[in-house]
Structure formats: C-alpha cells, structure tokens
Amino acid sequence: MEADFKQLLKGALIMAFTSVGYEVLYSIYPYVGDKTRLHRHAQWGAFITNFIYVVLMIISLIFFSEGQLIRTIWPTLQIKTVVYFPFLERFEYLAISLWMLIILPNVMLYMWSASRGCKRMFGWNQKRVLYIIGAVIFIAMQFFVSRHAANYIIDRMSYVSLYMAVIYPYVLLLGVLIKRRWNRREDSSCRDPEISGS
C-alpha cells in the first residue's frame, strides 16, 4: 500500500462529506411510526450507500490510471462520457439532470429538519424559517460558480459535517438535560406558592 496512515486519515476526512447524513434521523425519529424497525433500516441504508461508494471507487480505479485520477475532477461524471447513445449526443447532461433527483430530496430533508428545529427550539414560524433558509442557500450559491470555489466549500463542509455528526449527539444530550432541569425548576417554583399559601 502506497499511502501512509496520515494520508488515509486525510482521505477519510475529505470523504466524510459524502458519508454523513445519518444525523437527520435525530429530527425524523419522533415522527417514525414503528421505531423498532428504524435501526435496522438505517443500518441497511448506510450499508447500501457505502457499498455503492466502494463499487464506484473500484470502477474508477479500474477505468483511470493514477495520473488520470489526480487530474480528473469528477471521475464518476467522466466515466459517464463513455456511454454512447446514437439519439443522445451528451449523455452526461442527462446524468447530471437525473442526479438532481437524488440531491433535491436530501436538500429538502435538511431544510425541513433545520426549520423544524428552529420551530421547536425558538418557537419561530416554520414556514418563514424555511423561506429564509432557502433564500440564504440561493444567495450563497451565487458565490460558488467556479470549480475551485465549489471544491473549497465541499472541503470545508466535509470537516464541519464530520465534526457536527460526531458532536451533535452530545449537544443534543446537553440540550435535553438543560431542558429537563429547567422544567423541574419551573415545576418546583409553581408548586412552592401553592404549598406556602395553603
């Protein structure tokens, strides 16, 4: 193996952006009807996703040489250029359009999760927060028009998303503990006047 442990760790951090997403289950969990089956299906989803990544990686390693992989920006998209249909000149345009059907539900799920979290934590109007998040995303997209800017934001977001996926459960636990303590304090303060008054 040519890579040392530091290079493997760096590759895992960069790849983290594509493998996170399971933390959305924290937002969806209260709305799941059969909670006993959720764990199994979440594990299967993670397994199938990682299996697809491994298959795509193996295909890319077989299709491209090491030098080509270093120079190629998006190897999966580059592989699609080999597909030829006589009635369709640029198949990759169709592939990118179909890829939007995969990305859009994920974006919508994150936006719903963020707006629902703002409603539960701060009592804000969920629809208004959803419009604000959509506007912020649209405005932010206008600044990342070049390939280098897109790669830069993806690299930064991979680090942030990995840390958030690891740290978020502890932040959530801390929030629950603070809320419980706050509720106990409010309950005890509501009972004290009744006890002293009687």
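Buried means under 20% relative accessible area, exposed means over 50%, and partly exposed lies in between, with a 1.4 Å probe and protein chains only. The model on screen is predicted, so local features need pLDDT of at least 70 and side-chain atom pairs count only at pLDDT 80 or more, while totals for chains, interfaces and linings use all residues. Residues are numbered from 1 along each chain as its sequence is written, and side-chain values use heavy atoms, with hydrogens and water left out.

**Stop 1: Thr49**

Select Thr49, which is found in helix α3; helices (H or I, at least four residues) and strands (E, at least two) are DSSP runs, numbered from the N terminus. With a relative accessibility of 34%, Thr49 counts as partly exposed. Then select Val20, which is 29 residues from Thr49 in sequence and 10 Å from it in space, C-alpha to C-alpha.

**Stop 2: the aromatic rings**

Rings of Phe, Tyr and Trp (its six-membered ring) pair if their centres lie within 6.5 Å; planes under 30 degrees apart count as stacked, over 60 as edge-to-face and the rest as tilted. The count by this rule is 5 aromatic pairs. One of them joins Trp44 and Phe47, edge-to-face, at 5.7 Å centre to centre and with 85° between the planes. Both residues belong to helix α3 (residues 35-63), and because they are 3 residues apart there, about one helical turn separates them. Trp44 is exposed at 51% relative accessibility, and Phe47 is partly exposed at 49%.

Next, select Phe63 and Phe64. Their ring centres are 4.8 Å apart and their planes stand at 85°, so this pair is edge-to-face. Phe63 is partly exposed, with a relative accessible area of 40%, whereas Phe64 is buried, at 9%.

**Stop 3: charged side chains**

Select Lys35 and Tyr29. Lys35 lies over the face of Tyr29, 5.1 Å from the ring centre; a charge sits over a ring if NZ of Lys or CZ of Arg is within 6 Å of the ring centre and within 35 degrees of the ring normal.

Side chains of opposite charge can pair when their charged atoms come close. How many salt bridges does a search of the whole structure find? The search finds 1 salt bridge, a term that means a side-chain nitrogen of Lys or Arg within 4 Å of a carboxyl oxygen of Asp or Glu. Select Arg37 and Asp34, whose side chains meet in a salt bridge at 4.0 Å, N to O. Arg37 is partly exposed at 40% relative accessibility, as is Asp34 at 38%.

**Stop 4**

Select residues 5-19, helix α1. Its 15 residues should span 21 Å at 1.5 Å a residue, and its end C-alpha atoms are 20 Å apart, which agrees; the expected span is 1.5 Å times one less than the number of residues. Centre the view on Leu13, where α1 has a kink of about 30°. The bend at a residue is the angle between axes fitted to the seven residues ending there and the seven starting there. Just after α1, Gly21 takes a positive phi of about 135°.

Finally, select residues 91-122, helix α6. This helix has 32 residues and reaches 47 Å from its first C-alpha to its last, close to the 46 Å expected. At Ile102, α6 bends by about 30°, and a proline, Pro105, follows within four residues. Buried residues of α6 include Phe91, Met111 and Cys118.
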